[in-house]
Amino acid sequence: MIYIKQILAKYDLPSAFQLNETPPTKLTWKTQVKRAVNKYWLEYLLDEAKRKSTLKHLNFASCTVGRLHPVWRKTPHSKTAILQASVQSKMLVGRYTLQEDLNTYRCINDNCPLCLAAPESLFYLLYECISLQA
């Protein structure tokens, strides 16, 4: 009984005694539990994500439980599009490996491999690289 009490309190659901006195219908209970669990985990994950410096570029307003992030939702089902979306998501979470990152481990040229004009950084790659400008 203690575990049930803890779970109901965790998800801000009515107590077992309240449920016993006025039991909801099966559909009502399933809907209420699903909403409560989704709300709890969305708040928990958003709180955790805001603390992670690697996730600072993500738009948390578009994140909901059970739905894909817009980077993936708008991706067509082709191999090239999926690879592009992978690169985009790695850039969003700060896990895309740049030449400047590789240079910390190896003594290599950290210039952009596309244009060789300047050191490659995420800002340079997205905004200044002449090879990627349309």
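Predicted model: local features only at pLDDT ≥ 70, side-chain atom pairs only at ≥ 80, totals over all residues.

Q: Why is the pair of Y11 and Y40 called edge-to-face?
A: The ring centres of Y11 and Y40 are 5.1 Å apart and their planes stand at 85°, so the pair is edge-to-face.

Q: What makes the pair of Y11 and Y40 a tie between parts of the chain?
A: Y11 lies in the loop between α1 and α2 (16-21), while Y40 belongs to helix α3, so the pair ties together parts that are 29 residues apart in sequence. Helices here are DSSP runs of H or I with at least four residues, strands are runs of E with at least two, and both are numbered from the N terminus.

Q: Are Y11 and Y40 buried, partly exposed or exposed?
A: Buried means under 20% relative accessible area, exposed means over 50%, and partly exposed is in between (1.4 Å probe, protein chains only). Y11 has a relative accessible area of 16% and is therefore buried. Y40, at 25% relative accessibility, counts as partly exposed.

Q: Why is the pair of Y40 and Y44 called stacked?
A: The rings of Y40 and Y44 have centres 6.4 Å apart and planes at 10°, so the pair is stacked. Y40 and Y44 are four residues apart in helix α3, and therefore separated by about one helical turn. Y44 has a relative accessible area of 39%, so Y44 is partly exposed.

Q: Which residues form one aromatic cluster?
A: Y11, Y40, W41 and Y44 form it. W41 lies in helix α3, which spans residues 26-51. With a relative accessible area of 31%, W41 is partly exposed.

Q: What makes W41, Y44 and L45 a nonpolar patch?
A: Patches are made of residues with over 30% relative accessible area and no salt bridge; like charges are joined within 9 Å and nonpolar side chains (Val, Leu, Ile, Met, Phe, Trp, Tyr) within 5 Å. W41, at 31%, is above that limit, as is Y44 at 39%. Together with L45 they form a nonpolar surface patch of about 290 Å² of accessible area. Accessible areas come from the Shrake-Rupley method with a 1.4 Å probe, and for residues only the protein chains shown count as cover.

Q: How many salt bridges are found, and what makes K39 and E43 one of them?
A: A search of the whole structure finds three salt bridges. The term requires a side-chain nitrogen of Lys or Arg within 4 Å of a carboxyl oxygen of Asp or Glu. In K39 and E43 the closest N and O atoms are 4.0 Å apart. Both residues lie in helix α3, four residues apart, about one turn of the helix. E43, at 47% relative accessibility, counts as partly exposed.

Q: Why is R51 called exposed?
A: R51 has a relative accessible area of 58%, so R51 is exposed. D47, its salt-bridge partner with closest N and O atoms 2.6 Å apart, is partly exposed at 36% relative accessibility.

Q: Which residues do salt bridges with shared partners join into one network?
A: R51 also forms a salt bridge with E48, with the closest N and O atoms 3.5 Å apart. Salt bridges that share partners join D47, E48 and R51 into one network.

Q: Where in the chain is confidence lowest, and where is it highest?
A: The term pLDDT is the predictor's confidence in each residue, from 0 to 100. Confidence is lowest in helix α6 (residues 99-103), at a mean of 65, and highest in α3, at 90. The mean pLDDT of the chain is 79, and 87% of its residues reach 70 or more.

Technical notes
Residues numbered from 1 in each chain as written. Heavy atoms only, no water. Phe/Tyr/Trp six-rings, centres within 6.5 Å; stacked < 30°, edge-to-face > 60°.
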